Amino acid sequence: MAYSEKVIEHYENPRNVGTLDKNDPNVGTGLVGAPACGDVMRLQLKISDSGVIEDARFKTFGCGSAIASSSLVTEWVKGKTVDQAMTISNKDVARELALPPVKIHCSVLAEDAIKAAIEDFKKKRAARQS
Amino acid sequence: MNLPIYMDNHATTPLDPRVLEAMLPYLREDFGNAASRNHAFGWKAEAAVEKARRQVAELIGASEKEIVFTSGATESDNLAIKGVIEFYKSKGDHIITLKTEHKAILDTCKRLERVRQERLDELKLLRLGQLAERDVQPEDVAELAVKFDLESDATYKKWAELPTGGARVTYLDVEPDGRVSLEKLAAAITPKTVLISVMFANNEIGVVQPVAEIGKLCREKGVLFHCDAVQGVGKVPFDVEAMNVDLASISAHKMYGPKGVGALYVRRKPRVRIAPMVDGGGHERGMRSGTLNVASIVGFGMAAEVAKQDLPEEAARLFRLRERLRTGIMEQLDMVVVNGSLEHRMPGSLNISFSYVEGEALMMSIKDVAVSSGSACTSASLEPSYVLRALGVEEDMAHSSIRFGLGRFNTEEEVDFVIRLVVDKVRKLRDMSPLYEMAKEGIDLKSIEWTAH
């Protein structure tokens, strides 16, 4: 599989690999994909009370494109508001990394991971307020 | 030590310098057509081809009259299976093969199944047309078949048993170690079975099948035995007499010869007949027409001679290297599994799954080493290796597999480099793997409801 330089660069120097405390009420965790499909992405976002994403961490089991896609979105979401992050689409990821057609799936996973992490955060906040 | 290191000798092998030297005169001055019987150029080419035929025959314990040169193993496999089915169609049309065979076998069998199905569909239309006394359209078949009870219609049943040109195929499962069960194989034989096709050594997992036992069974049952011997020949002793093989496919480029040349062994005693797939000038005793690729055939012959001569020593050396690689990796990494039988395996072959690491990602991170992965991420389809799945390897583990194929030109120094590299990169990727973290925390990954795609 011939990859773009951006994929290889992110793959070799992944940004923001790691784990945030999933019990922290300000941390939303999104876990998407399936081991049987060959890719699982976990994205964690630390979100301030005013709704700004202060930190992002990922861990990914998957191919080079999946790792690069997760690395890229951790960079993109940092500093954005939750609403802004929700507008990031898989097309943006695929275009930025010049993913080949068979790897579009990886960018879909990255978009899903952002949405899942934000949803988790919102659920936690709702639970706190009730 | 030069980088990158080549450890994908299942895919192809480099040309041995001795092979290249043997070929060169036939690419330069000795360019004659081996079929030109009327001058010295032709005679020289013919003599070179006949020498190569002997060299190839000797490697597999055959006589030179039993070697048919082809363009490679895919053609040999096609010729063997289609050739037998066509020639013996009045005797039967049933083939037994394994789910772990090479696509050259599986796709050829699927083609023959389609041919048979198309023929049966035509017969259905014809018979239903007779019964309904009108033209029947394909969309009416289901309804009319019920109305006229086609399944128990004696005429249709008789027609359906006539030779179709296609075949019925049984694709047998293998045991978890990758080997076929002889009991299951014997039980699958029917009075219509004409051919059993089982490979010698598997290209993905390196597992060697009990070929001699299969040959014995075939002989007892009067069934022809074709063996796709491409991966194992030259690496593990293979003898068509001792193993009762009737047809065998081999390829030059898997044993340090050139690409684009192979052979089909076709037994003479007792005589095995095949219908040709290529019609033409009657080359290769009519079984495979086409001007012979003299230089490549000469290279193939030399490759066979070298393989035969080096086999005992080289097999022992490759076994030592393979075990060094395997133990070197497994002593330093946990949760590593060898796919397929360790005992019945080609000496230079190792297929392993690294849990919680995706195969293609690992291949990318060890780019200084050329290997293959059974992960679907390396291909256009999203299904992981069908061979690993047939062994019952779980999908997540099939996605985590890497195939190492050691060969004649690999060294101990290279193996040690690869061990260090693999261990380092697997650790790095596991640090990045949410699954590894969860497993370490004691979370049962099977208990999680994954979002499927």
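In chain B, Pro270(B) is found in the loop that runs between strand 8 (262-266) and helix 9 (294-332). The structure described here is a predicted model. The peptide bond that joins Lys269(B) to Pro270(B) is cis, with omega of about -10°. Another cis peptide bond links Leu3(B) and Pro4(B), and its omega is about -5°. Pro4(B) belongs to the segment before strand 1 (5-6) of chain B.

Chain B also contains an open sheet of four strands, arranged in the order 9-10-13-12 with antiparallel pairing. Strand 9 (336-338) and strand 12 (372-373) of chain B are its edge strands, each of them pairing on one side only. Within the sheet, strand 10 (residues 349-354) and strand 13 (residues 401-405) of chain B pair in the antiparallel sense over five bridges. In this pairing, Leu350(B) stands opposite Phe404(B) of strand 13 of chain B.

A local backbone feature of chain A occurs at Asn16(A), a residue other than glycine whose phi is positive, near 60°. Asn16(A) is located in the loop between helix 1 and strand 1 of chain A.

The two chains meet in an interface. The size of an interface is often given as the accessible area lost when the parts come together. Between chain A and chain B the buried area is about 2600 Å², with carbon and sulfur atoms giving 65% of that area. On the chain A side, Tyr11(A), Pro35(A) and Phe61(A) lose the most area to chain B, and together they account for 24% of what that side buries. The contact involves 32 residues from chain A and 29 residues from chain B.

Polar and charged interactions also cross this interface. There are 14 residue pairs in polar contact between chain A and chain B, counting pairs with both residues at pLDDT 80 or more. The side of chain A that touches chain B receives two or more residues from each of helix 1 (5-12), strand 1 (27-34), strand 2 (39-47), strand 3 (53-61), helix 2 (64-77) and helix 5 (104-129) of chain A. By residue type, this side of chain A divides into 19 nonpolar, seven polar and six charged residues.

Salt bridges may be considered for the whole structure and then for the interface. Over all chains, a search finds 41 salt bridges, and the count between chain A and chain B is four. One of the bridges pairs Arg42(A) with Glu437(B), whose closest N and O atoms are 2.8 Å apart. In another, the side chains of Lys367(B) and Glu12(A) meet at 3.0 Å, N to O. Lys367(B) lies in the loop between helix 10 (359-365) and strand 11 (369-370) of chain B, whereas Glu12(A) lies in helix 1 of chain A, and the pair therefore joins two chains.

How values were computed. Residues are numbered from 1 along each chain as its sequence is written. Chains are lettered from A and ligands numbered from 1 in the order in which they are written. This is a predicted model: local features need pLDDT of at least 70, side-chain atom pairs count only at pLDDT 80 or more; totals for chains, interfaces and linings use all residues. Side-chain values use heavy atoms; hydrogens and water are left out. Contact means heavy atoms within 4.5 Å. Buried area is the accessible area (1.4 Å probe) that two parts lose on being put together, summed over both. A polar contact is a pair of N or O atoms within 3.5 Å; within protein, one must be able to donate a hydrogen and the other to accept it, and residues adjacent in sequence count only if both atoms are side-chain atoms. Ala, Val, Leu, Ile, Met, Phe, Trp, Tyr, Cys and Pro count as nonpolar, Asp, Glu, Lys and Arg as charged, and the others, Gly among them, as polar. Two strands pair if DSSP finds at least two bridges between them.
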